[in-house]
Amino acid sequence: MRYVFGPVNSRRFGISLGIDLSPDTKSCNFDCVYCELKGAKPVSYIQNPPKVEDIISEVKDTLEKFGDIDVITITSNGEPTLYSELGSLVNELNKIKKDKKLLILSNGSTICDEKVQNILNKIDIVKLSLDCATQKCFKKIDRPLKGIEIETLYRCMEEFSKDFQHQLVIEILLVKGINDNKDEIKKINEILQVIKPDRVDIGTIDRPPAYKVKPVTQDKINELVKHLTNLPISVIYKNKPSKKEDFDESEIIQLLTHRPQSQFDIENFFSDKSKNIVEKLLKEDLIQEKNIAGVTFFVVKKP
Ligand code: SF4
């Protein structure tokens, strides 16, 4: 297999079959400090683009072999929306995916392009990155191709999300000393309140980065997450948290009203007593489980 890899189990999206649109060379219009690939000059196209029929033939073969797959993930050693044949690839994948979901992992840089938006509209789960709210921070972390402005991107994300009918996930990656301050996160939160994604994923560097930067601590993530409001937040933990919390019934209702908790959060942050209350609230139909782009959240049921 040249373009298809996996399946791999990802806690964020379930069991995933990956498609790499740029297996030989990094082809990205960003050069993020945290990239797990070697630093490279940003480009605006995929180098040596694969043929759609070659990818589809590999996907078909792999799907025959591994039935138990949740998502087919379009990704790249770089930015997948730079692939010139993305539209026909998505059309062909939609014909063969059956009950699997189609997912794309994009850095969000092409979201202002109407053609790209039309393609993304045909994808079940769209993940876009938003590491910064300000251009200064954006240039430091994502090191984009000249001319890409973060404000333009998040305005286009807002426009896109208004009509998008499927699931939109926004990912924030925290880098020590750059975007790990409450002012930047509060500004990102203001933007998120307008974009209204279905889910926000937040985490930090967990693989050797392209440049000399460091991850933030788990405590720092927990502190910054408090500034993200009214949205289902999925925190990517390196280690399981050791402290468990005791909540009473009203505290759980209040917590879930303000911030839906993921199954991982309930399992790892809630004491046994609190978990029993969650079970009781589920039985009483006061709260419900909701699958958001492959992650189960507990939310308060609307009357
Ligand atoms: S957008 Fe992704 S592939 Fe591109 S430089 Fe950043 S982390 Fe690497």
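A residue counts as buried if 20 or more other C-beta atoms lie within 10 Å of its own, as exposed if 12 or fewer do, and as partly exposed in between, with C-beta atoms placed from the backbone. Keep that at hand for the exercises below.

The model is predicted: local features need pLDDT of at least 70, side-chain atom pairs count only at pLDDT 80 or more, and totals for chains, interfaces and linings use all residues. Residues are numbered from 1 along each chain as its sequence is written.

**Exercise 1. Describe the chain as a whole.**

Step 1. Start with burial: 41% of the 303 residues in the chain are buried.

Step 2. Look at the secondary structure, where helices (H or I, at least four residues) and strands (E, at least two) are DSSP runs numbered from the N terminus. The chain has 10 helices and 11 strands.

Step 3. Check the overall size. The radius of gyration is 20 Å, close to the 19 Å that the globule rule gives for 303 residues, so the chain is as compact as a globular protein of that length. Here the radius is taken over C-alpha atoms, and the rule is 2.2 Å times the number of residues to the power 0.38.

Step 4. Along the principal axes, the C-alpha atoms fill a box of roughly 55 × 45 × 35 Å.

**Exercise 2. Work out how the two domains meet.**

Step 1. Find the bounds, which come from an automatic or database domain assignment: domain 1 covers 4-235 and domain 2 covers 249-300.

Step 2. Count the residues that touch, taking a contact as two C-beta atoms, placed from the backbone, within 7 Å. In domain 1, 15 residues are in contact with nine residues of domain 2.

Step 3. On the domain 1 side, the elements giving two or more residues are β6 (167-174) and β8 (233-235). That side divides into six nonpolar, five polar and four charged residues.

Step 4. For these classes, Ala, Val, Leu, Ile, Met, Phe, Trp, Tyr, Cys and Pro are nonpolar, Asp, Glu, Lys and Arg are charged, and the others, Gly among them, are polar.

**Exercise 3. Locate the largest nonpolar core.**

Step 1. Such a core is a set of buried Ala, Val, Leu, Ile, Met, Phe, Trp, Tyr and Cys residues joined through C-beta atoms within 7 Å. The largest has 74 residues, and Ile141 and Val175 are among those with the most contacts inside it.

Step 2. Both domain 1 (4-235) and domain 2 (249-300) give residues to this core, so it lies between them.

Step 3. Zoom in on Val175: not counting residues up to four places away in sequence, it touches Val33, Tyr34, Ile141, Asp180, Ile205 and Val213.

**Exercise 4. List what surrounds the ligand.**

Step 1. A residue belongs here if its C-beta atom, placed from the backbone, lies within 6 Å of the molecule. The shell holds Cys28, Phe30, Asp31, Cys32, Cys35, Leu37, Gly78, Glu79 and Asn107.

Step 2. Sorted by class, the shell has five nonpolar, two polar and two charged residues.

**Exercise 5. Examine some backbone details.**

Step 1. Begin with Pro7 in strand β1 (residues 4-10). The peptide bond from Gly6 to Pro7 is cis, with omega near 10°.

Step 2. Arg143 sits in the loop between α4 (135-141) and α5, and has a positive phi of about 40° although it is not a glycine. With 18 other C-beta atoms within 10 Å, Arg143 is partly exposed.

Step 3. Asp285, in the loop between α10 (272-283) and β10 (287-292), also has a positive phi, near 65°. Asp285 counts as exposed, with 8 C-beta neighbours inside 10 Å.
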